[in-house]
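A short report follows the display.

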Amino acid sequence: MALVVLLLLAGVSEAAGRILPVAVGRPGMSRTRVAGLLCAGGLVEAAVFALWPLTAWTLAELVLSSTPEGDELVWTPDLVAPLVLAAVLAFPLLGPFLHLLLFVAVGAGLAGPLAEATDLGWWGAAGCVAVAGAGLGIAVEAIRRLVVRISAAEARGPVT
């Protein structure tokens, strides 16, 4: 339960850092719409964070061409706590470089358990974690841009 709360907190904080600056720039947005976007974005971000270890594990399986013999890689509260800190720092978008460094640290922390569970070694596991994180980040950024494009089209209204 604590893990779910931490992932949701990280997701909402990450989403707030991206949605609130947009909401401030659009004076006509209602609080209800902003809250809805914040909740939806928080759930998406939390899901992406939750998928990171599973995606890294799947990549390790592909690299090894077999199922690793250890337990499946999952988040633990001590692994996800720095992720929450990274998301909180992203909230005002004041420290993108520090935010990136914390994500690298979280990924390095995730690479250790993956290396222990597989025969990849630490560098191979770190590569799987990095590729998984980058792939998930690119996918969620594409979704964000699509949502912005759709909401911008809705704001302009139909062409008559």
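The text below moves from the whole chain to single residues.

This is a predicted model: local features need pLDDT of at least 70, side-chain atom pairs count only at pLDDT 80 or more, and totals for chains, interfaces and linings use all residues. Residues are numbered from 1 along each chain as its sequence is written, and side-chain values use heavy atoms, without hydrogens or water.

**Overall fold**

The chain has five helices and zero strands. Helices (H or I, at least four residues) and strands (E, at least two) are DSSP runs, numbered from the N terminus. The pattern along the sequence is α-α-α-α-α. Of the 160 residues, 34% are buried. Buried means under 20% relative accessible area, exposed over 50%, and partly exposed in between (1.4 Å probe, protein chains only). Among contacts with a separation of 6 or more, 69% join residues 24 or more positions apart. A contact means heavy atoms within 4.5 Å.

**Annotated spans**

An unreviewed UniProt entry lists residues 34-59, 79-108 and 120-140 as "transmembrane region". UniProt positions are given in the numbering used here, feature names are shortened, and annotations may be inferred rather than shown by experiment.

**H1 against H2**

Two packed helices are described by the angle between their axes and the distance between the axes. Helix H1 (residues 2-25) and helix H2 (residues 31-64) have axes that come within 7 Å and cross at roughly 135 degrees. H1 is therefore oblique to H2. Angles under 35 degrees count as roughly parallel, over 145 as roughly antiparallel, 65 to 115 as roughly perpendicular, and the rest as oblique. On the H1 side, the contact includes Leu 7, Gly 11, Glu 14 and Arg 18. On the H2 side, it includes Val 34, Leu 38, Glu 45 and Phe 49. The contact residues divide into 16 nonpolar, three polar and three charged.

**Two residues**

Is Glu 45 buried or exposed? Glu 45 is buried, with a relative accessible area of 5%. Glu 45 is found in helix H2. Leaving out residues up to four places away in sequence, Glu 45 touches Gly 11, Glu 14, Ala 15, Arg 18, Val 140 and Arg 144.

Ala 126 is found in helix H5 (residues 121-156). Ala 126 counts as buried at 18% relative accessibility. Leu 114 is twelve residues from Ala 126 in sequence, and their C-alpha atoms are 8.2 Å apart.

Technical notes: Axes are lines fitted to C-alpha atoms, for helices over the stretch in contact, and angles run from 0 to 180 degrees between N-to-C directions. Ala, Val, Leu, Ile, Met, Phe, Trp, Tyr, Cys and Pro count as nonpolar, Asp, Glu, Lys and Arg as charged, and the others, Gly among them, as polar.
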